[in-house]
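Subject: A structure for you to explore

Hello,

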Amino acid sequence: MGAATDHAGPVTAREPSTLAVTGLHKHFGRVRANDGIDVTFRGGEVHALLGENGAGKSTLIKCLTGVYRPDSGRVTVDGREVTIREPADSRECGIAVVHQSSTLISRLTLLENVVLQEGRLGRIRSELADRLVDSGNRLGFAIDPKARVENLSVGDLQRAEIARAFMQEAWLVILDEPTAVLAPAERASLFDLFGSLTAQGVGVVFVTHHLAEALSESSRTTVLRAGRVVGRLESGHQVDEQELVRLIVGDDAPHPSLVGEVSGSPLGAPDAPRTGEGASSDGAGIDGAGDAGEVRVEVRGVSGAPLWGRALHNVDLAIRRGEVLGVAGVEGNGQRELSALLTGSWSPDSGSVLLDGRPLADYLPPERSKLVGDVPDDHFLATCGELSVWENLALGTFAWQEAPTPGRKALRRRSAADLVSEFDIRTAGVNAAVRQLSGGNRRRVILARELSKHPVLLVATYPTRGLDVRSAEQVRSWVRRLADGGSSVVYMSTELEEIIEVSDRVAVMVRGRVSGVLSEAITIGGIGNLMLQER
């Protein structure tokens, strides 16, 4: 697959359709996920859907795509009422959804994935491949039906999913956090693609927590809060990011910097200077750690690859006590492999990882679980959906530290209630199943579990991905407080502004290597220069 081409076929605009949602309700027990939603989506325009985690965005999308059935309400397409009981009904209505994580099967080709979706078995007809190529051409990019999914970039996967939807005559394409995993150049390409879609009468609905994108790329915006529509911005309406934030969180919302400052709370820590701040990378020791702060974690000459990932090449790093080491780079350059290395879930072919001077591999799993906090980017891997909120918060304790006696269970339920309040987890109660929570609230459960144990080392892999503005600010505040209390933190993000805000030093990864470490005058330009090395 490739980027935009100059040989796209002639654009033929279709007559724009309209999808109207009226009085849509969807409850999960006592939780009102959608509480009387009224919204209209039109073909030929880009519509941004905004709101905090748990505001009801995902539930609305799942009702429109047949994953959930609403409790009440009406959905009409061009004035005709439709009933969407399952995904096939949604596709018949011309609705397609592109999820944040690709649904394509990695070991198959793009064409084989198209065949699977259409439910066809037997010989693959060449006509399908021609339709897929034509779909890409009409949208302005080249597509190779024989390309294996596992060899494609994240941007290519998104374009392939949109092309697959377009070839099925979808007139409304819903994208869930489409830019969360894209590099800047791929974001620009995606927004160009929005233009190609709307020019042909296709409507684009995109869910995003990037308010600047919503303001610059959408013609209309709908804001949800607590399952209700609280704001509508029509084309030409002048609004800035601060006004959007007020719509999203409400006038009575606490300031992000004050959340979690409860005396005696699980994250409570004495005020402390940011150790190592501003230290030069020209000093002695690994990565110039020097004497500015005690080195707690050392990665020495690590090379090798896990079965599932990219190879690391001669990686050297040092993380000091009480500092946040940011790790920047285009996604897929070894960040997840480094996370697995630092949490002990993968051992390299050569080199070593030392925690307080002792090989990480020498720590027994119960000890390592207590000392190392692991916040992965996939909340489905780090939580058990069928277990309750309190059981997920106590997973590490009962797995390694304590026998689950009735008395200890009762104690953990009580402490879980404190964590739910401390981390603002939106749930019907500590006994509610985690599968009932939104993605952002599942991530809060992970953060509450891992940060509240005050780990010696915290490895946070894209911890704010998919979180709203206020939640992301809370995460950064929690991480800084943990470091100020003496913990070492490795913080990975593709958002360069975020990396600069939260980090004392920044390491940049390119193709499995550390291309450099910045510790003074950290700028987007400086990080960008290191990202361009060895590419």
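Predicted model: local features only at pLDDT ≥ 70, side-chain atom pairs only at ≥ 80, totals over all residues.

Let me start with a definition: a residue counts as buried when its relative accessible area is under 20%, as exposed when that value is over 50%, and as partly exposed in between. Serine 477 has a relative accessible area of 14%, so this serine is buried. You will find serine 477 in helix 16.

**The overall picture**

The protein has 535 residues, and 51% of them are buried. Its secondary structure comes to 18 helices and 20 strands. If you take the contacts with a separation of 6 or more, 71% of them are between residues 24 or more positions apart.

**Two pairs of helices**

Two packed helices are described by the angle between their axes and the distance between the axes. The axes of helix 15 (residues 439–451) and helix 16 (residues 469–484) cross at roughly 10° and come within 12 Å. With that angle, helix 15 is roughly parallel to helix 16. On the helix 15 side, the residues that meet the partner are Arg444, Leu447 and Leu451. On the helix 16 side they are Ser471, Gln474, Val475, Trp478, Val479 and Leu482. Sorted by class, the residues of this contact divide into 6 nonpolar, 2 polar and 1 charged.

Now turn to helix 4 and helix 5, which pack at an angle of about 110° with their axes 9 Å apart. Here helix 4 is roughly perpendicular to helix 5. Helix 4 brings Leu132, Ser135, Gly136, Arg138 and Leu139 to the contact, and helix 5 brings Ile162, Ala163, Arg164 and Phe166. By class, the contact of helix 4 with helix 5 has 5 nonpolar, 2 polar and 2 charged residues.

Strands of a sheet pair through backbone hydrogen bonds, either parallel or antiparallel. In this model, 4 strands form an open sheet in the order 2-1-4-5, with antiparallel pairing. Which strands stand at the edges? They are strand 2 (31–42) and strand 5 (80–82); each has a single partner strand, so one side of each is left without a neighbour in the sheet. From one strand to the next, the twist averages 25°. Strand 1 and strand 4 run antiparallel and are joined by 5 bridges. To see where the two strands face each other, look for leucine 19, which stands opposite valine 77 in strand 4.

**Salt bridges**

Side chains of opposite charge can pair when their charged atoms come close. How many salt bridges does the structure hold? There are 26, and I picked out a few for you.

Lysine 26 and aspartate 71 meet through their side chains, at 3.9 Å from N to O. Lysine 26 lies in strand 1 (residues 18–28) and aspartate 71 in the loop between helix 1 (57–64) and strand 4 (72–77), so the pair ties together parts that are 45 residues apart in sequence. Is lysine 26 buried or exposed? At 12% relative accessibility, lysine 26 counts as buried, while aspartate 71, at 46%, counts as partly exposed.

Arginine 107 forms a salt bridge with glutamate 150, and their closest N and O atoms are 3.1 Å apart. The arginine lies in the loop between strand 6 (95–98) and helix 3 (110–117), and the glutamate in the loop between helix 4 (126–139) and helix 5 (154–166), so this pair ties together parts 43 residues apart in sequence. Arginine 107 is exposed, with a relative accessible area of 60%, whereas glutamate 150 is partly exposed at 41%.

In another salt bridge, arginine 321 pairs with glutamate 294, with the closest N and O atoms 3.1 Å apart. Finally, Glu473, Arg476, Glu498 and Glu501 are linked in a network of salt bridges.

Best wishes

Definitions and conventions: Residues numbered from 1 in each chain as written. Heavy atoms only, no water. Axes fitted to C-alpha atoms, helices over the stretch in contact; angles between N-to-C directions. Parallel < 35°, antiparallel > 145°, perpendicular 65-115°, else oblique. Contact = heavy atoms within 4.5 Å. Nonpolar A, V, L, I, M, F, W, Y, C, P; charged D, E, K, R; others polar. Salt bridge = Lys/Arg side-chain N within 4 Å of Asp/Glu carboxyl O. Buried < 20%, exposed > 50% of the residue type's maximum accessible area, 1.4 Å probe, protein only. Pairing = 2+ DSSP bridges.
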